[in-house]
Amino acid sequence: MQKIGLLVIIILLSNIVSARVVIDEIMYNPFGDEYDFEYIELYGESENIKNWYFEGIDYTFPENTTIDRYLVIANTLNDEGENNDIFDKYPNIKCNHEYKGTLSNSGEIIILRDNKNNIIDLITYEDSTKENHSIERIKIE
């Protein structure tokens, strides 16, 4: 008898401290360059996230940053500091912010903290999907 797994692509282990804002999608291993076209997508409802920051990538949200549904943080520059055409590759993505650093292709922990250092969301991922496929949070009920 053959077993069929429900979680085929990846299992996202999360420790959700607050359901106000979650890390919803990660593109950690795009086709080609090690970090061009990487992005992290957040999901939340009408939340002021000024001075919230990530561990795992180098990014702090500036003053007057509010999330209303989806918000994308992307690595939009190539090695020479030029735009890497992420918007041509993903025309439906509206990139709101640019982070420094890269996402590990072999997996890592990404932590989103609020301005009081509280953990808002934490995602652990491993390299278990094909190149150029993002991983998304799934809700298991």
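This is a predicted model: local features need pLDDT of at least 70, side-chain atom pairs count only at pLDDT 80 or more; totals for chains, interfaces and linings use all residues.

A: Happy to! Residues are numbered from 1 along each chain as its sequence is written, and side-chain values use heavy atoms, with hydrogens and water left out.

Q: With which residue does Arg 113 form a salt bridge?

A: Side chains of opposite charge can pair when their charged atoms come close. The cut-off for a salt bridge is a side-chain nitrogen of Lys or Arg within 4 Å of a carboxyl oxygen of Asp or Glu. Here the partner is Glu 55, with the closest N and O atoms 2.4 Å apart. Arg 113 sits in strand β7 and Glu 55 in strand β4, so the pair links distant parts of the chain, 58 residues apart; strands are DSSP runs (E, at least two residues), numbered from the N terminus. Glu 55 is partly exposed, at 31%.

Q: How many salt bridges does the structure hold?

A: There are four. One of them joins Arg 137 and Asp 121 at 2.5 Å, N to O. Arg 137 is in the segment after β9 (135-136) and Asp 121 is in strand β8, so this pair ties together parts 16 residues apart in sequence. Asp 121 is buried, with 0% relative accessibility.

Another pairs Glu 63 with Lys 50, at 3.5 Å between the closest N and O atoms. Glu 63 is partly exposed at 47%, and Lys 50 is partly exposed at 30%.

Q: Which residues touch the most other members of the largest nonpolar core?

A: In soluble globular proteins, nonpolar side chains tend to be buried together. A nonpolar core is a set of buried Ala, Val, Leu, Ile, Met, Phe, Trp, Tyr and Cys residues joined through side-chain atoms within 4.5 Å. In this model the largest has 23 residues, and Ile 23, Leu 42, Phe 54, Phe 61, Ile 73, Leu 103 and Leu 112 touch the most other members. Strands β2 (21-27), β3 (39-48), β5 (66-74), β7 (107-113) and β8 (119-126) each supply at least two of its residues. Apart from this core lies another, of five residues, including Met 27 and Tyr 39.

Technical notes. Buried means under 20% relative accessible area, exposed over 50%, partly exposed in between (1.4 Å probe, protein chains only). Helices (H or I, at least four residues) and strands (E, at least two) are DSSP runs, numbered from the N terminus.
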